Amino acid sequence: MSELKTKDATYVANTYARFPVELVSGKGSVFKDENDKEYIDLGSGIGVTAFGIGDDEWKSAVVAQLDKLQHTSNLYFTEPCAELARIICEKTGMKKVFFGNSGAEANECAIKVARKYAAEKKGEDYYTIVTLVNSFHGRTITTLAATGQDHYHELFQPLTQGFVHAQANNFEDIKEKALSNKTAAIMMECIQGEGGVIPLEAEFVKQVAEFAKENDILLIIDEVQTGNGRTGKVYSYMNFGITPDIVSTAKGIGGGLPLGACILGEKVQDVYKPGDHGSTFGGNPVCCAGAISIMNRLTDEFLDEVNLKSKFIFDSFADFDGVENVTGMGLMIGIKTTKPAKEVVLRCMEKGVLCLTAKDKIRLLPALNIPMETLAKAVEIIKEAISE
Ligand SMILES: *Cc1c(COP(=O)(O)O)cnc(C)c1O
């Protein structure tokens with residue numbers, strides 16, 4: 001381990017504060033390190049391995065596609081790309097999908113669509129996008145500008161122009177910001193993930209959606225973390241009874257391979273024309289074949305189980321000593337403990353459970369199909385770590 005640590009520190013860019021553990025293999029919701037020590041995984045690679053490590057169905061879909069071809073470029077038709085887009089449209093009622101490789105790219109695509117729509121419909125000065133304070137939308141210069149957290153912006157100026165941040169759950173503020181600027185779109189996460197697993201208030205989300213519709217301002221919902229079954233619905237906006245114009249997603253959709261999607265509703269389905277946008281890797285057939293196996297399993301029955309496991313976690317921690325509050329939806333859960341979250345998470349790691357943090361909370365994003373026994377065992381260990 002110390003040799004690997006040295007090599008990593010010497011040659012890999014210094015952007016991550018890694019936990020002191022080397023993961024070498026895994027199956028389902030269990031990882032193994034270099035000493036064969038087992039860890040129950042409650043982070044799924046930040047909500048990416050939606051059906052766990054080495055999931056058989058996902059793996060055989062990926063391997064079957066690898067045996068045919070791994071890449072063609074977007075100059076040619078491939079079946080997995082078209083089929084995945086069809087499944088996404090069928091599950092959402094949205095109209096078209098653009099595929100990229102990450103969440104930031106999905107958001108870049110959404111921002112470009114919004115700007116072009118508004119430029120054509122209202123004029124080129126209608127480029128402002130209103131996002132929320134404490135949001136997270138990515139690390140590129142434009143998605144950093146969208147991200148409403150100042151500490152990510154420092155020393156990276158100038159960022160892309162045209163982003164304004166409004167207070168979450170303050171409809172008057174968002175309305176004021178949207179009307180005092182020439183606004184193309186409002187963009188938000190229904191549950192702020194990196195911001196601390198904070199769901200928006202249902203009434204606020206509804207008001208924003210109505211306001212956007214009345215003013216022909218596009219509503220972009222960032223479902224990069226919340227999407228693809230994570231919150232107990234296929235997409236988190238479905239918990240709020242709204243219809244966005246654009247949905248961006250990534251993380252869990254690829255089951256562990258890089259894939260992002262920008263999903264376009266009726267209003268914006270034909271904004272892009274050939275040449276307006278593109279991606280060399282986007283819609284890669286191997287990634288899409290794996291994603292089909294993920295999306296096809298997000299049935300109502302399966303999502304009912306996600307919600308049962310969610311309830312189990314909420315119930316386990318709601319009145320537990322040392323826990324201040326539990327927030328989130330589905331299997332995207334934040335636990336605020338009296339002890340610093342980082343301390344609890346490190347203790348959990350020693351005891352063989354991997355959790356994440358978000359701001360000052362423990363963040364849980366287990367695989368959607370984590371077996372109940374495994375989840376129950378992990379919850380007991382977290383409780384021990386909180387109590388010690
Ligand atoms: C992770 C995340 C992103 C960025 O995704 P990348 O794949 O890292 O580019 C954007 N928005 C939200 C809400 C996220 O959680």
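This is a predicted model: local features need pLDDT of at least 70, side-chain atom pairs count only at pLDDT 80 or more; totals for chains, interfaces and linings use all residues.
## The chain as a whole

Start with the big picture. The protein chain folds into 12 helices and 17 strands. Its radius of gyration is 21 Å, close to the 21 Å that the globule rule gives for 388 residues, so the chain is as compact as a globular protein of that length.

Buried residues account for 55% of the 388 residues in the protein chain. As for who touches whom, take the contacts with a separation of 6 or more: 71% of them link residues 24 or more positions apart.

## Helices α7 and α8

Two packed helices are described by the angle between their axes and the distance between the axes. For helix α7 (residues 171–180) and helix α8 (residues 202–214), the axes come within 10 Å and cross at roughly 25°. Angles under 35 degrees count as roughly parallel, and α7 and α8 are therefore roughly parallel to each other. Their crossing is right-handed.

Which residues make the contact? On the α7 side they are Phe 171, Ile 174, Lys 175, Ala 178 and Leu 179, and on the α8 side Phe 204, Gln 207, Val 208 and Phe 211. Sorted by class, the contact of α7 with α8 has 7 nonpolar, 1 polar and 1 charged residues.

## Helices α11 and α12

Now for the other pair. Helix α11 (residues 341–350) and helix α12 (residues 372–387) have axes that come within 9 Å and cross at roughly 130°. That angle makes α11 oblique to α12. Here too the handedness can be read off: α11 passes α12 in a right-handed crossing.

The contact is built from Val 344, Arg 347 and Cys 348 of α11, together with Ile 382, Ala 385 and Ile 386 of α12. By class, the contact of α11 with α12 comes to 5 nonpolar, no polar and 1 charged residues.

## A loop residue: Gln 149

Gln 149 sits in the loop between α6 (141–146) and β6 (163–166). Is this glutamine buried or exposed? Gln 149 has a relative accessible area of 5%, and buried means under 20%, so Gln 149 counts as buried.

What does Gln 149 touch, leaving aside its neighbours within four places in sequence? The contacts of Gln 149 are Asn 134, Ser 135, Phe 136, Gly 195 and Lys 359.

Technical notes: Residues are numbered from 1 along each chain as its sequence is written. Side-chain values use heavy atoms; hydrogens and water are left out. Axes are lines fitted to C-alpha atoms, for helices over the stretch in contact, and angles run from 0 to 180 degrees between N-to-C directions. Helices (H or I, at least four residues) and strands (E, at least two) are DSSP runs, numbered from the N terminus. Angles under 35 degrees count as roughly parallel, over 145 as roughly antiparallel, 65 to 115 as roughly perpendicular and the rest as oblique. A crossing is left-handed if the near helix is turned anticlockwise from the far one by less than a right angle, and right-handed if clockwise. Contact means heavy atoms within 4.5 Å. Ala, Val, Leu, Ile, Met, Phe, Trp, Tyr, Cys and Pro count as nonpolar, Asp, Glu, Lys and Arg as charged, and the others, Gly among them, as polar. The radius of gyration is taken over C-alpha atoms; the globule rule is 2.2 Å times the number of residues to the power 0.38. Buried means under 20% relative accessible area, exposed over 50%, partly exposed in between (1.4 Å probe, protein chains only).
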